[in-house]
Amino acid sequence: MTGKLDAIRTLLRYEWNPAGIDPAKDAHDRYDGYALRLFSMMYSQPGEERVAAYLDRMQGTDLGLPVTTEHNRAVARRIVALFRDDEP
């Protein structure tokens with residue numbers, strides 16, 4: 001289970017990274033709260049649309065940055081793919 005959480009953290013840090021944080025130097029925990037929420041969301045409300053909407057909200061509202069909808073959708077697709085093995 002923590003493997004998937006770590007994978008989400010990595011995706012957020014290296015691929016989503018709307019704040020442009022240098023993952024090699026800067027705070028590694030910057031997106032951890034988002035990762036935990038996404039991890040939980042995948043078990044309660046899974047789906048690419050919901051994940052992409054969450055990333056849009058966090059980027060625009062929480063971080064106050066311009067929303068990159070297509071990029072967020074691509075990251076959401078990768079997050080959802082991590083959980084496909086869990087489907088019955």
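This is a predicted model: local features need pLDDT of at least 70, side-chain atom pairs count only at pLDDT 80 or more; totals for chains, interfaces and linings use all residues.
Let me start with the place where helix H1 meets helix H4: on the H1 side the residues are Lys4, Ala7, Ile8, Leu11, Leu12, Glu15 and Trp16, and on the H4 side they are His71, Asn72, Val75, Arg78, Ile79 and Leu82, where contact means heavy atoms within 4.5 Å. Helices here are DSSP runs of H or I with at least four residues, numbered from the N terminus. By class, this contact of H1 with H4 holds eight nonpolar, two polar and three charged residues; Ala, Val, Leu, Ile, Met, Phe, Trp, Tyr, Cys and Pro count as nonpolar, Asp, Glu, Lys and Arg as charged, and the others, Gly among them, as polar.

Residues are numbered from 1 along each chain as its sequence is written, and side-chain values use heavy atoms, with hydrogens and water left out.

Back to the pair itself: H1 covers residues 2-16 and H4 covers residues 69-82, and their axes come within 10 Å and cross at roughly 160 degrees. The axes are lines fitted to C-alpha atoms, for helices over the stretch in contact, and the angles run from 0 to 180 degrees between N-to-C directions. H1 and H4 are therefore roughly antiparallel to each other, since angles over 145 degrees count as roughly antiparallel, under 35 as roughly parallel, 65 to 115 as roughly perpendicular and the rest as oblique. The crossing of H1 and H4 is right-handed, a term used when the near helix is turned clockwise from the far one by less than a right angle, with anticlockwise giving left-handed.

How does H1 sit against H2, with the axes crossing at roughly 130 degrees? That angle makes H1 oblique to H2, and their axes come within 9 Å. The contact takes in Lys4, Leu5, Ile8, Arg9, Leu12, Arg13 and Trp16 of H1, together with Asp32, Tyr34, Ala35, Leu36, Leu38, Phe39 and Tyr43 of H2; sorted by class, these are ten nonpolar, no polar and four charged residues.

The axes of H2 and H3 come within 11 Å and cross at roughly 155 degrees, which makes H2 roughly antiparallel to H3. Among the residues that meet there are Tyr34 and Leu38 in H2, and Val51 and Leu55 in H3.

Which residues have the most contacts inside the largest nonpolar core? They are Leu12, Trp16, Leu38, Val51 and Ile79, in a core of 24 residues. Such a core is a set of buried Ala, Val, Leu, Ile, Met, Phe, Trp, Tyr and Cys residues joined through side-chain atoms within 4.5 Å, and buried means under 20% relative accessible area, exposed over 50%, and partly exposed in between, with a 1.4 Å probe and protein chains only. H1, H2 (32-44), H3 (48-62) and H4 each supply at least two residues of this core, and H2 gives the most, with six.

Leaving aside neighbours within four places in sequence, Trp16 is in contact with residues including Tyr34, Leu55, Met58 and Val75. Asn17 lies in the loop between H1 and H2, has a positive phi near 30 degrees although it is not a glycine, and counts as buried at 16% relative accessibility. Thr10, by contrast, is found in helix H1 and is partly exposed, with a relative accessible area of 39%.
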